[in-house]
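Trainee: I should like to go through this structure with you one question at a time. May we begin with how its helices pack?

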Amino acid sequence: MGHNDRVRDMEYVRLGGTGLKVSRICLGMMTYGSTTWRDWVIDEQAATPIVRQAVDQGITFFDTADMYSVGASEEITGRLLRSHFANRDDYVLATKVFFPMAGGPNDGGLSRKHIMASIDASLRRLGTDHVDLYQIHRFDRATPIEETMEALHDVVKAGKARYIGASSMYTWQFAKMQYTAALNGWTRFVSMQPQYNLTYREEEREMLPFCLDSGVGVIPWSPLARGVLARGRAAESVRAKTDQMMARLSNEEDFAVADVVADVAKSRDTSPARVALSWLLSKQAVTAPIIGASKQSHIDDAVAAVDLKLTDAEIATLEAPYRPHNVIGF
């Protein structure tokens, strides 16, 4: 089948204010790696048909991190993308730096030393000479912002990354980093990867308006609240039982939201996952939710969500049960 046949149902949008076009759904690669890292991770053989399904459905945006399965996710990501795409330019590859990769004093954080070592190590594992989006996984309180932003600028200038992005942090920290880069003529972040879904909407207060105002693309992680929005009270996967974040996410307030998602899904004769993703995609600030997929059906659900348009009344219904949460994830 020709390339155009495959991708006719997928939408492509610019990432924030850049000229870079990405698919409306991003496939998160944390799910693929080694079970020695997390119980719910699946190996390369099991991942292959899922990634094939994503490529066939027009997904061109893939997100990993050096710390996922301590490097194994990057290795698998590199191999799978090389085998499924004819050209490196046909997909958008994102990875991250911050969390410790070993036990040494300089094996984590956002120092110049660690950033320079990490980009080279990531490129080796990914088997490519550049990533399209190099993201800081968290804010580093111990390193001067100037040091981090100049190092990231140098990574871009060296041709090792095309763009830079950031992930979960306070909006004032993100703003400070952006303005530090602007003041010095360094590369600015083009994207923010926050935790954002129907059960965790705290980023609507500051981060999303800031990103919208400043032309920064938003690529939310955990769009289905680690499966709670897809499965509701029946969220009894291996991950649900072993993921420490699940305990903090799964309370009665969140299940009340999941119940409403299930109701709207039933009335539309579709799946809760599609409804929850469609809600995210309806938000002006959101570029592409990052989905985790351990089954091919997860890809189908995510891609179908792009075409599902919720009414204003449905959106109001979905948002009504939300209660403010303590800030989690950073």
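Trainee: At what angle do helix 12 and helix 13 pack?

Mentor: The helices are DSSP runs of H or I with at least four residues, and the strands are runs of E with at least two, both numbered from the N terminus. Axes are lines fitted to C-alpha atoms, for helices over the stretch in contact, and angles run from 0 to 180 degrees between N-to-C directions. On that basis the axes of helix 12 and helix 13 (residues 296-307) are 8 Å apart, and the packing angle is about 45°.

Trainee: What pLDDT do local features need in this model?

Mentor: Residues are numbered from 1 along each chain as its sequence is written, and side-chain values use heavy atoms, with hydrogens and water left out. The model is predicted, totals for chains, interfaces and linings use all residues, side-chain atom pairs count only at pLDDT 80 or more, and local features need a pLDDT of at least 70.

Trainee: How are helix 12 and helix 13 oriented to each other?

Mentor: Angles under 35 degrees count as roughly parallel, over 145 as roughly antiparallel, 65 to 115 as roughly perpendicular, and the rest as oblique. Helix 12 and helix 13 pack at about 45°. Their orientation to each other is therefore oblique.

Trainee: Which residues of helix 13 meet helix 12, and how many residues of the contact are nonpolar?

Mentor: With contact taken as heavy atoms within 4.5 Å, A273, R274, L277, S278 and L281 of helix 12 meet D300, D301, A302, A304, A305 and V306 of helix 13. Ala, Val, Leu, Ile, Met, Phe, Trp, Tyr, Cys and Pro count as nonpolar, Asp, Glu, Lys and Arg as charged, and the others, Gly among them, as polar. By these classes the contact of helix 12 with helix 13 has three charged residues, one polar and, in answer to your question, seven nonpolar.

Trainee: What is the handedness of the crossing of helix 5 and helix 6?

Mentor: The axes of helix 5 and helix 6 (residues 171-184) come within 10 Å and cross at roughly 60°. A crossing is left-handed if the near helix is turned anticlockwise from the far one by less than a right angle, and right-handed if clockwise. Helix 5 passes helix 6 in a crossing that is right-handed.

Trainee: Which residues of helix 6 make the contact with helix 5?

Mentor: Helix 5 contributes I145, E146, T148 and M149 to the contact, and the residues from helix 6 are K176, M177, T180 and A181.
By class, the contact of helix 5 with helix 6 has four nonpolar, two polar and two charged residues.

Trainee: How far apart are the end C-alpha atoms of helix 4?

Mentor: The expected span of a helix is 1.5 Å times one less than its number of residues. For the 15 residues of helix 4 (residues 112-126) this gives 21 Å, which agrees with the separation of its end C-alpha atoms, 21 Å.

Trainee: What covers the buried residues of helix 4?

Mentor: Buried means under 20% relative accessible area, exposed over 50%, and partly exposed in between (1.4 Å probe, protein chains only). The buried residues of helix 4 are H114, I115, S118, I119, A121, S122, L123 and L126. Their cover includes helix 3 (72-84), strand 5 (92-97), strand 6 (131-136) and helix 5 (145-157).

Trainee: Which residues of helix 4 meet helix 3?

Mentor: Helix 3 and helix 4 pack at about 45°, with their axes 7 Å apart. E74, E75, T77, G78 and R82 of helix 3 meet, in helix 4, S122, R125 and L126.

Trainee: Is I219 buried or exposed?

Mentor: I219 lies in the loop between strand 9 (217-218) and helix 8 (228-231). Not counting residues up to four places away in sequence, I219 touches L15, F61, L133, Q135, S191, M192, Q193, P194, T287, A288 and I290. With a relative accessibility of 0%, I219 counts as buried.

Trainee: What phi does D269 have?

Mentor: D269 lies in the loop between helix 11 (252-267) and helix 12 (272-281). D269 is exposed, with a relative accessible area of 73%. Although D269 is not a glycine, its phi is positive, at about 55°.
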